[in-house]
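Me: I'd like to learn how to read helix packing and domain contacts in a model. Can you walk me through it?

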Amino acid sequence: MAEYMERHHLVSKTKTLLIAPVVFLSIFFVVPVTNTFLRYFRFSEFSSVLSSQPLRGVAWFSLWQAVVSTLLTLTIGLPATWALSRFTFRGARLARGILVAPFVLPAVVVAAGVLAITDSRGVTPILWAHVVFNVSVVLRIVGPRWSMVNHRLEHAAATLGARPSRTFTLVVWPHIADAVISAATLVFIYCFTSFGVIAILGGVSRRTLESEIFTQAVRLGNTTTATALAVLQALIISLVFLVVRQLRRSPSLSLHVSAPQALRTKPTHRLTPFIIIAIAVAVVASPLVATVYRSLVINGHVSFTAWRTLFSGSLPALSVSLQSVVTTSLVFAIAAACICVPLALLVATTSAPRALFSLPLVVSAATLGIGLIITFNTSPYAWRSERWLIPVVHAVIALPLVIRALEPATRAIPSSLRHASATLGASPFISWVRVDLSILKPALLRATGLSMAISLGEFGATSFLSRSGSTTLPIAIAQLLGRPGVATQQAGFALAALMIIITVGVMSRA
Amino acid sequence: MKYSRVLIASLLVVIASACSSSSSNTSIDATPNEVTLLAYDAFTPQEGIFDAFTAATGAKVKVVTGGDSGVLVSKAILTAGNPEGDVLWGIDNTLLSRAQKAELLTNYEPVDYGDICVNYDKQWFTSRNIAPPTSLEDLALPTYKNLLTVQDPVASSPGLGFLLGTIAHFGADNWQGYWKSLKANGVRIASDWTSAYTIDFSGSSGKGKYPLVVSYGSSPPAEVLYAEKPIETPPTAVIESTCFRQTEYVGALRGSRNPNNAKKLISYLLDISFQESMPLSLFVFPVNEKAKLPVLFTKFAVAPENPLTLDPVDIEKNRDAWLSTWRDIIL
């Protein structure tokens, strides 16, 4: 097996590669958000928001629940990532599929699943739902990195008498630290800006800044208050980014990189990885199982009516067919991935500052949604009702994540290979295709899956956009669950269950 | 820095174009063979119902949806005068004055109505030999402790309707006391209709713990139409005296590019064929008195002669204050 010892090296320092992603983000993100800010930001409103006791309470709750959710997610997610990127065993792929599936599910599905088990609202169900959603983030971002850490280093450390904990802190941690911090930051931001989960599980007393922004902007029509809150939220998230950057700046490490390691089929302590995976799967899968159960059982007896209705192709009470809903969702997901993954690759292969490309994580979905409506409403930019705007916005939202998913892999490409191919006479493009792309292939596949998943589940910014005959899966599920009648609701749960099963199936192969 | 220049340039272009206002005030429709109807997500008209309109006028109806009625109206207000379509469906009496203040519509008319009422699980009460409540006052009695689930009025339109109903019934000075007693009696506050009806409520698919729920006067016929297996009578019923009237309006959007077709579409929506299709597709009552109701509706849907009502102007004037008072009581 090829093995290289060298500093991580970035492919290209040319800024020209960045033109496309920068223009894209400027038009579809920076301009709309700036527009919202210019039109609705009032400094007086901002200071009155800061001095309001209830709103300070909302900010405090957002903050502490996000910290606790992140810690819990890491507690469940990191051991599972270790087990899945170190060992292979029967059912490992399925376990992986289950753990990453919730990412695409609408919040209402996961929340309803959690509620079916806990039977109460409040902090515990919120934390649980956040763990269910975010274990996949840890697995996706830390997993690829961990699987590249060379086993021999650990063996060497063990042979030299290091205890496992010491091996971990001295050998493994320096390699994965970056990815773990990156994942933790994302999980924190997701939980901090949580909206759907909070709406269903929080009741009236538990609110986050994001849900309050939505309430103010949409329910109460106070766009200026909403904008002030959005600025507060953006400031807090930016502060977190700054702190994280300080953390990362610490030891600039020499990576001892290798190609993804062969997985061990026979774990030394066979039980440990099994137990770890079993716990993670139990935590993540039980709300999903509850959803499938709910689609099958009515009044204590098993009924396949809802599934039969689904497979006959019709959705009760909705004027769209199942086929068109699934097609719409898939077309949007594929289109979003086609835009997002190439742009993310361009960013990930340059050494440009990342701040601009992290912006979509900082800004609340409602702010972006409002910006899109008030910006793209005059010709020749009257795009607000265009169908293509939906996958474009999905791509904007997915971009920061997809960049993060690709980065560890692009950084790990040994430059000696590139030099070798250049020496052998390959043009930069050819050597990029032969060397970089072939090494990046698994990472690119994962990034595509991630982008599609974000597109399938997105329910924030695009809920502000109008649609004509383009009902997506989350919208159809919300519609079915939003009507009286056992058959419609049952069909809603069956559709959610179908989404779970397909996702688990797809994710356990990708 | 190359890309900061690109950024600034594109910023300027878009902002400049956003500022240059378009003024097109013609009486001729811009796209005479298409008319756009903006509606909330739950707008699911009977299939093919607009074919007759297209045959008569030559204009296709493009239905554009986006969010629930609150999202829809907030969005439309943000760009009032430069609308996304020609006709707006689904502003109700709780949102009407907000739309008027923004001069969102050039003209509007009621198109349908329905009631927001407390529904109950019939079997829960008969199996326990308890008489179901018959009034708002009953809901605060110890007999009905921990049995009622309602929606957050800030986030949910039936929740707001129920709150307004209690204000209409008890008056602007006494509803607060009523809500305090509801709270003491264990009222459950759900975030939205879906979690109240499908998770908390015992009478529908969820089999929750609460046999009383705020829903619509037309929910019982929906339970029959969308039952798992064909049933004769709905498992739920409505407490008539709790009903708050919700009227939905249809109107021509100010700045519409197809004012003539907009007018034609509005009269089509008020005409008998569309009005008769509404009960079983949208679960609302037609305003057109000539429209006949389906049997399912005459038998099981409830629309009291004298429902609770409030003036839209009063609602707009007081809504924020009422909601914050309500929050203070409940939180």
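**Helix packing and domain contacts**

Reply: Let's start with a helix pair in chain A of this predicted model. The axes of helix H15 (residues 355-362) of chain A and helix H17 (residues 389-411) of chain A cross at roughly 125° and come within 8 Å.

Me: What do I call an angle like that?

Reply: In general, two packed helices are described by the angle between their axes and the distance between the axes. Angles over 145 degrees count as roughly antiparallel and 65 to 115 as roughly perpendicular, with oblique for the rest once the roughly parallel ones are set aside. That makes H15(A) oblique to H17(A). As for handedness, H15(A) passes H17(A) in a left-handed crossing.

Me: Which residues of H15(A) and H17(A) meet?

Reply: From H15(A) you have A:Phe357, A:Ser358, A:Pro360 and A:Leu361. They meet A:Val396, A:Ile397, A:Leu399, A:Pro400 and A:Ile403 in H17(A). Sorted by class, this contact has eight nonpolar residues, one polar and no charged.

Me: Now the domains. Where do they run in chain A?

Reply: Domain 1 of chain A covers 9-36 + 321-470, and domain 2 covers 41-249 + 271-299. Their C-alpha centres lie 22 Å apart. The contact takes 23 residues from domain 1 and 30 residues from domain 2.

Me: Which elements of domain 1 of chain A give two or more residues to the side that touches domain 2?

Reply: Our helix pair turns up again: H15 and H17 of chain A are on that list, along with helix H16 (365-375) and helix H19 (428-457). H19(A) has the largest share, six residues. By class, that side of domain 1 has 15 nonpolar, six polar and two charged residues.

Me: How is chain B divided, and how many residues are in contact between its domains?

Reply: In chain B, domain 1 is 29-113 + 247-292 and domain 2 is 115-246 + 302-330. Their C-alpha centres are separated by 28 Å, and 15 residues of domain 1 are in contact with 15 residues of domain 2. On the domain 1 side, helix H3 (69-78), helix H4 (96-101) and strand E8 (236-253) of chain B each supply at least two residues. H4(B) gives the most, with three. That side divides into six nonpolar, six polar and three charged residues.

Me: What confidence scores go with this?

Reply: Chain B averages a pLDDT of 89, and 92% of its residues score at least 70. Watch residues 14-26 of chain B, though, where the pLDDT is below 50. For the model, ipTM is 0.77 and pTM is 0.82.

Definitions and conventions. Residues numbered from 1 in each chain as written. Chains lettered and ligands numbered in written order. Predicted model: local features only at pLDDT ≥ 70, side-chain atom pairs only at ≥ 80, totals over all residues. pLDDT = per-residue confidence, 0-100. Contact = placed C-beta atoms within 7 Å. Domains from an automatic or database assignment. Helix = DSSP H or I, 4+ residues; strand = E, 2+ residues; numbered from the N terminus. Nonpolar A, V, L, I, M, F, W, Y, C, P; charged D, E, K, R; others polar. Axes fitted to C-alpha atoms, helices over the stretch in contact; angles between N-to-C directions. Parallel < 35°, antiparallel > 145°, perpendicular 65-115°, else oblique. Left-handed = near helix turned anticlockwise from the far one by under 90°.
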